[in-house]
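Morning, everyone. Please bring up the next model on your screens, and I will talk you through it.

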Amino acid sequence: MWNANIQRNITKNLLVEVAYIGSRGEHIWNNFTSNATFSQYLSLGKQLNDLVDNPFFGKIKTDR
């Protein structure tokens with residue numbers, strides 16, 4: 001990441017600013033396996049993608 005800027009007073013009441021901001025990433029890919037779960041659960045197949053009810057629904061209270 002980098003940043004450069006220049007400010008100049010043109011007149012008593014006029015300020016001009018020029019800025020440049022940059023960012024670069026290299027080699028930021030990840031090589032994760034698609035079967036990143038315990039082998040005992042692989043027999044469930046596509047059921048692993050099923051939506052389930054939130055077990056915490058209604059248990060977290062706020063003071064609003």
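I will go from the chain as a whole to the strands, then to the side chains.

Ground rules first. This is a predicted model, where local features need pLDDT of at least 70, side-chain atom pairs count only at pLDDT 80 or more, and totals for chains, interfaces and linings use all residues. Residues are numbered from 1 along each chain as its sequence is written, and side-chain values use heavy atoms, with hydrogens and water left out.

Now the whole chain. The protein chain has zero helices and two strands. How much of the chain counts as buried? Of its 64 residues, 2%. Buried here is under 20% relative accessible area, exposed is over 50%, and partly exposed lies in between, with a 1.4 Å probe and protein chains only. The protein chain exposes about 7,400 Å². Carbon and sulfur atoms supply 54% of that area. The areas come from Shrake-Rupley with a 1.4 Å probe, and for residues only the protein chains shown count as cover.

Next, the strands. β1 and β2 pair in the antiparallel sense, over nine bridges. Pairing takes at least two DSSP bridges between the strands. A hairpin joins β1 to β2 through two residues. Two positions to look at: Ile6 has Val18 in β2 as its bridge partner, and Ala4 stands opposite Tyr20 in β2. How covered is β1? Hardly: the strand runs over residues 2-11, and the count of buried residues among those ten is zero.

Stay in β1 for Trp2, which sits in that strand. Trp2 is partly exposed, at 41% relative accessible area. Leaving aside neighbours within four places in sequence, Trp2 is in contact with Tyr20, Ile21, Gly22, Ser23 and Arg24. Contact means heavy atoms within 4.5 Å. Trp2 and Tyr20 are 18 residues apart in sequence, and their C-alpha atoms are 8.3 Å apart.

Side chains of opposite charge can pair when their charged atoms come close. The rule here is a Lys or Arg side-chain nitrogen within 4 Å of an Asp or Glu carboxyl oxygen. The count is one salt bridge. Arg24 forms a salt bridge with Glu26, with the closest N and O atoms 3.4 Å apart. Arg24 is exposed, at 62%. Glu26 is partly exposed, at 48%.

Last stop, the segment after β2 (14-22), where Phe38 is placed. Phe38 counts as exposed at 59% relative accessibility, whereas Tyr41 counts as partly exposed at 38%.

Which residues make the nonpolar surface patch? Phe38, Tyr41, Leu42, Leu44 and Leu48, over about 480 Å². Patch residues have over 30% relative accessible area and no salt bridge; nonpolar side chains (Val, Leu, Ile, Met, Phe, Trp, Tyr) are joined within 5 Å, like charges within 9 Å.

Terms used:
Helix = DSSP H or I, 4+ residues; strand = E, 2+ residues; numbered from the N terminus.
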